[in-house]
Amino acid sequence: MDRRKGVVVRFGSRNMEVVDSETGGRLVCTMPGRFRMQGIRPIVGDRVEYTLSGNGQGRIENILPRETELLRPRISNIEQILLVLSLKEPAVQNTVTDRFLVLAEFARLPVVIVVNKVDLLHGDEIEGFCEIYGEYYDICHVSSKEQINIDRLREILKGKVSVMAGMSGVGKSSLLNTLNPGLKLRVSEISRGLERGRHTTSYVELLQFEFGGLIADTPGFANLEMPEITPENLKSYFLEITHENEMCAFSDCNHIDEPGCYVKELVEAGSIHKSRYNSYLNMYNELKEREREKGGRKHG
Ligand SMILES: Nc1nc2c(ncn2[C@@H]2O[C@H](COP(=O)(O)OP(=O)(O)OP(=O)(O)O)[C@@H](O)[C@H]2O)c(=O)[nH]1
Ligand SMILES: [Mg+2]
Ligand SMILES: [Zn+2]
């Protein structure tokens, strides 16, 4: 039987939908019973080999090894993360953005920061944001409402498997609808009083875009748990800190209160942004605390 290649884009209760890698056609595939017995569980994003089984359906024969695997949402073979945020309605705090960035660096995935709702912003508000993040991250500012920079976003997404991440209410689903008007994803009415969107996107699926690209729209999370990082390793996920590591007096400097810390000098001089350094300190302390709790449990 002829084996074809495809990507799993969504799950039904008994089967899954696969997009053929050559034709871009979609079909429903079933899983052989032996998968369950062998404990093989495909997830969205998996590249598979399948055969056609006559009734227009397919049968999964093999799951190819995963190149990357994201845990939240559970999805494999993602090529980039688009971190979507807004600076008004809601104003996403830099501390939240910094946590997302650590999670993305931890997953070893390239990130593009998408600042949505620029229709609500003045030029200097965008500039202020770019000053903090622009040196180490690609930033694309857009408005789904006013259709600003949507072509640039399309270029970024074209031909790739991407995930849209970001807090609830920043406009992830709106942007995807704007990129591909046929999509009609549900968009939430933001409650202005709370300045917080409601969860409207609740399951993982790779959406297929007319311009060529697969994109997962993920539900926004309000609270981001830190991954399994040791406090000492945290610095490697802050690009501007890693970059300057070598110059500290101690080669294993954590840039907290060690003497001769070059990173702290740069913070004082303003070339590493204070808000980034403060996020680093907060997360460092949180990881230290977690380590202490774990240690306590082990010994007590
Ligand atoms: N002013 C303005 N409002 C926008 C823009 N894009 C989206 N919105 C509004 O923001 C609200 C939330 O949009 P959603 O697309 O549902 O946000 P989401 O990120 O998908 O939210 P979750 O699915 O809960 O994670 C809606 O009321 C949109 O109309 C924009 O570019 N400008
Ligand atoms: Mg949504
Ligand atoms: Zn240091």
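Author: Begin with how strands are joined: two strands pair if DSSP finds at least two bridges between them. Helices (H or I, at least four residues) and strands (E, at least two) are DSSP runs, numbered from the N terminus.

Reader: How many helices and strands does the protein have?

Author: There are eight helices and 13 strands in the protein. This is a predicted model, in which local features need pLDDT of at least 70 and side-chain atom pairs count only at pLDDT 80 or more, while totals for chains, interfaces and linings use all residues. Residues are numbered from 1 along each chain as its sequence is written, and chains are lettered from A and ligands numbered from 1 in the order in which they are written. Along the principal axes, the C-alpha atoms fill a box of roughly 70 × 55 × 35 Å.

Reader: Which domains does the domain assignment give?

Author: Domain bounds come from an automatic or database domain assignment. Here the assignment gives domain 1 (4-65), domain 2 (70-217) and domain 3 (231-299). The centres of domain 1 and domain 2, taken over C-alpha atoms, are 28 Å apart. Nine residues from domain 1 and 11 residues from domain 2 take part in the contact, where two residues touch if their C-beta atoms, placed from the backbone, lie within 7 Å. On the domain 1 side, strand S1 (residues 4-11) supplies the largest share, three residues.

Reader: In what order do the strands of the closed barrel run?

Author: The five strands of the barrel run S1-S2-S3-S5-S4, and their pairing is mixed. From one strand to the next the twist averages 55 degrees; axes are lines fitted to C-alpha atoms, for helices over the stretch in contact, and angles run from 0 to 180 degrees between N-to-C directions.

Reader: Which sense, parallel or antiparallel, does each pair have?

Author: Strand S3 (residues 26-30) and strand S5 (residues 58-63) are parallel, with two bridges; cysteine 29 has glycine 58 of S5 as its bridge partner. S1 and strand S4 (residues 47-52) run antiparallel and are joined by four bridges, with lysine 5 opposite glutamate 49 in S4. S4 and S5 are also antiparallel, over five bridges, and here tyrosine 50 stands opposite isoleucine 60 in S5. Five residues lie between S4 and S5 in their hairpin, and glycine 54 in the turn has a positive phi of about 90 degrees.

Reader: What is the order of the strands in the open sheet?

Author: The open sheet has six strands in the order S10-S9-S8-S11-S13-S12, again with mixed pairing. S10 and strand S12 (206-208) each have a single partner strand, so one side of each is left without a neighbour in the sheet. Neighbouring strands are turned by 30 degrees against each other on average, direction ignored. S12 pairs with strand S13 (residues 214-217) in the antiparallel sense over three bridges, and leucine 207 has isoleucine 215 in S13 as its bridge partner. Helix H2 packs on this sheet and touches S8, strand S9 (111-116) and strand S11 (161-165), its direction making about 175 degrees with that of S8. Helix H5 (residues 172-179) lies across S8, S9, S11, S12 and S13, at about 150 degrees to S13.

Reader: Which residues have the most contacts inside the largest nonpolar core?

Author: In soluble globular proteins, nonpolar side chains tend to be buried together. A nonpolar core is a set of buried Ala, Val, Leu, Ile, Met, Phe, Trp, Tyr and Cys residues joined through C-beta atoms within 7 Å. The largest one here has 56 residues, and Leu83 and Val84 have the most contacts inside it. Leaving out residues up to four places away in sequence, leucine 83 touches Phe100, Ala104, Val111, Ile113, Val114, Ala165 and Gly166.

Reader: Where is the cis peptide bond?

Author: Most residues other than glycine have a negative phi, and most peptide bonds are trans. The cis bond joins glutamate 89 and proline 90, with omega about -5 degrees. Proline 90 sits in the loop between strand S8 (80-86) and helix H2 (94-106).

Reader: Does glutamine 147 count as buried or exposed?

Author: A residue is buried if 20 or more other C-beta atoms (placed from the backbone) lie within 10 Å of its own, exposed if 12 or fewer, and partly exposed in between. Glutamine 147 counts as exposed because it has 11 C-beta neighbours inside 10 Å. Its phi is positive, about 55 degrees, although it is not a glycine, and its place is the loop between strand S10 (138-141) and helix H4 (150-157). Histidine 255 also has a positive phi, near 65 degrees, but it counts as buried because it has 24 C-beta neighbours inside 10 Å. Histidine 255 is in the loop between helix H6 (239-244) and helix H7 (262-269).
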